[in-house]
Amino acid sequence: MTVLWPIAVITFKEGIRNRAIYGISIFALLLLGANLLISSMIMQEVGKVAVDMALSTISFAGLLLVLFVGINLMAKDLDKKTIYMVLSRPISRPQYILGKFLGIVLLILAAISILSIFAIVSIFMVKLSYPGYFPRFSWPLVLLAISFITISLILLSALTFLFASFSSTSFITLVLTIISYIIGQSISDVKALVEAPQAVGIKVSSVTVKVVQAAYYIFPNLSIFDIKTQAAHGLPISLAYIFWAVSYGVVYTALAIIVASLIFRRREFP
């Protein structure tokens with residue numbers, strides 16, 4: 001830990017100084033401010049829209065943070081060859097990966113915490129203005145949804161390290177991360193569709209079914225962390241589901257970092 005913590009702190013400070021994070025923060029705050037205006041335009045669904053928009057803003061801003069700040073923090077050392085200076089010290093490559101990852105986790109936690117405060121304030125103000133339109137509202141569900149968003153972003157960050165461990169440029173890492181995110185958000189629905197095509201009157205080949213099933217187990221199922229709808233409608237989430245989702249996120253993140261460390265340890269730099 002004495003080796004990992006300095007790397008994590010330096011990575012966190014680099015992320016805070018990144019100009020992109022200010023643009024993302026301003027954009028997110030504007031969306032949260034607009035929540036008051038947009039929610040009032042849909043009177044019958046004020047509560048649902050206010051909660052859904054606040055959570056969606058946190059999720060989208062967090063995704064931008066991972067894609068345009070998190071990836072850059074890892075790729076910058078590789079692109080500028082500063083990694084040689086880091087690895088020349090008594091630091092192993094797995095320690096370097098883990099230290100950088102912890103730094104990005106700290107950055108995500110700090111950013112989500114700040115955005116969550118503004119999101120909660122925006123929901124509270126809408127709720128204060130239209131108390132009759134929040135019949136099944138639950139603050140614990142909102143906090144749980146924010147926690148799930150945080151877990152999904154940390155998992156996605158672990159994937160960026162996995163891709164950066166073998167890719168030659170940050171652009172490839174960015175593309176692979178975006179593809180993984182898109183697949184992860186929809187793979188569960190696609191799997192259900194190809195396994196029961198008769199329900200919608202389509203034909204699916206056995207090869208397609210096998211490919212989708214393989215993708216389902218390879219790519220992260222990010223849809224399990226998306227409970228914005230449940231939070232907006234006040235639908236209860238079982239403890240078993242929470243335990244399974246958190247366990248899935250922790251195990252997948254750990255496996256991604258372990259594989260990234262193994263690949264990075266054997267990688268040769270030009």
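Me: What share of the contacts in the chain with a separation of 6 or more comes from residues 24 or more positions apart? Please go on from there to the core.

Reply: Residues 24 or more positions apart supply 81% of those contacts, a contact being heavy atoms within 4.5 Å. The model is predicted: local features need pLDDT of at least 70 and side-chain atom pairs pLDDT 80 or more, while totals for chains, interfaces and linings use all residues. Residues are numbered from 1 along each chain as its sequence is written, and side-chain values use heavy atoms, without hydrogens and water.

The chain has 10 helices and zero strands; helices are DSSP runs of H or I with at least four residues, strands runs of E with at least two, numbered from the N terminus. The C-alpha trace spans about 65 × 50 × 30 Å along its principal axes.

Of the 270 residues, 43% count as buried, meaning under 20% relative accessible area with a 1.4 Å probe and protein chains only. A nonpolar core is a set of buried Ala, Val, Leu, Ile, Met, Phe, Trp, Tyr and Cys residues joined through side-chain atoms within 4.5 Å. The largest such core holds 68 residues, and Val 51, Leu 55, Ile 108, Phe 134 and Phe 161 have the most contacts inside it. Two or more residues each come from α2 (19-40), α3 (46-79), α5 (93-129), α6 (139-164), α9 (228-233) and α10 (239-266). Helix α6 gives the most, 17 residues.

Ile 108 shows the packing in detail. Neighbours within four places in sequence aside, Ile 108 is in contact with Leu 65 and Val 66, and also with Thr 150, Leu 153, Ile 154 and Ser 157. Another core, of five residues, lies apart from the largest one and includes Ile 187, Val 194, Val 209 and Val 212.

Ser 180 sits in helix α7, residues 170-195. With a relative accessible area of 1%, Ser 180 is buried. Beyond residues up to four places away in sequence, Ser 180 touches Leu 159, Phe 163 and Phe 219.

Technical notes:
Buried < 20%, exposed > 50% of the residue type's maximum accessible area, 1.4 Å probe, protein only.
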